[in-house]
Amino acid sequence: KICYRTIGTINAQKSNGVVMPTAFMGKTGGMLREVGPGKLVDSNKYYVILIDAIGNGVSSSPSNSTAQPRMKFPQFNIRDMGKSQHELLTRILKISHVHAIVGVSMGGHQTFQWMVSYPDFMDEAIPIVGSPRPTSYDSLLHTADLHAITFSRDWNDGNYTSEPVVALSMIADILALNSSTPEYRITHTTLAELPVFIASTQNSVVKSFDANNCVRQLQAMLAHDVSKPFGGSMEKAAAVVRARVLVVPSMRDHIVNPQPALSFAKLIHARVFKLTSDCGHGAPGCESKRLDPVVNAFLAE
């Protein structure tokens, strides 16, 4: 089961589609703020297709599968996410080509994968704070997230009857620690305000995340590598890319290190727009007034 939302009107040629996959544990409802006139993607110009990635709790996931519930749900990877989305577009929506793939964070990982797996499917690709494969630093972070769940007693090997609050609270702390830079946190949260900030982030994650879904999506990001079908060669992976590409890294990102995206951009001669604020991984939101016009202009070329 793959769930999706469409915003805007498809043209007669079915050529104005813009696909936007979700970020880690994100849902399409949370992406609506990025779509519309003057926003990241203009739905007055494009037929925007928001797609819930496998494992996010809306599309097929450990939390909602009756045939393969919880940890019986098989591991999947970023390529599987792209394949399921390709099936949705071609078989259900009858779309054989889109104008662009645009993704943020894990949505950016999926965008890199789309560029390599289906190089002729899109005219343009815009991976934002995404990566063609994780660095050791990224993988260390994802592994810490994974351990926070799987080492927690209340996870109970995925067989919990209520959400494992301890496990998810640890995830919230790790994400809060890494989602921005130290400078951003110091200037935006005083020491006195810190307990309220921590409680708020923990409450948000506990309410919106499922631990088993987290496990499978974390494993997908840990296994992500667009060069795997090419013997580990990024040069060979880059050689198949046909789309015009705008790579958007955050240069102070503590969740997705920008170096692999920058290196891949060089290999494919992509345009690069660097986010430089102290917001870290949250820079696309913090710098939206800079970023959105650049994305809109690139899409219009």
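In the predicted model, cysteine 286 is partly exposed, with a relative accessible area of 42%. Its disulfide partner is cysteine 279, and the two sulfur atoms lie 2.2 Å apart. Cysteine 279 is buried, at a relative accessible area of 7%. The torsion about the S-S bond is -100°, which gives the link between cysteine 279 and cysteine 286 a left-handed sense. The disulfide count is one. Cysteine 3 takes part in no disulfide; the nearest cysteine sulfur to it belongs to cysteine 214, 18 Å away. Cysteine 214 is likewise in no disulfide, the nearest cysteine sulfur being that of cysteine 3 at 18 Å. Because its relative accessible area is 0%, cysteine 214 is classed as buried.

Alanine 270 is located in the loop that runs between helix H9 (259-268) and strand S7 (271-272). With a relative accessibility of 17%, alanine 270 counts as buried, since the cut-off for buried residues is under 20%. When neighbours within four places in sequence are set aside, the contacts of alanine 270 are Val245, Val247 and Ala265. Leucine 246 is 24 residues from alanine 270 along the chain, and the C-alpha atoms of these two residues are separated by 5.8 Å.

The model has one cavity of 30 Å³ or more. The volume of the largest cavity is about 30 Å³. Its lining consists of His109, Ser131, Arg133, Pro134, Asp138, His142, Ile255 and Val256. By residue class, the lining of the largest cavity comprises three nonpolar, three polar and two charged residues.

Note on methods
Residues numbered from 1 in each chain as written. Predicted model: local features only at pLDDT ≥ 70, side-chain atom pairs only at ≥ 80, totals over all residues. Heavy atoms only, no water. 1 Å grid on protein atoms, 1.4 Å probe; cavity = no way out; pocket = protein on both sides within 12 Å on 5 of 7 lines; lining within 4 Å. Points joined across faces, edges and corners; volume = space filled by probe spheres on them. Nonpolar A, V, L, I, M, F, W, Y, C, P; charged D, E, K, R; others polar. Helix = DSSP H or I, 4+ residues; strand = E, 2+ residues; numbered from the N terminus. Buried < 20%, exposed > 50% of the residue type's maximum accessible area, 1.4 Å probe, protein only. Contact = heavy atoms within 4.5 Å. Disulfide = S-S within 2.5 Å.
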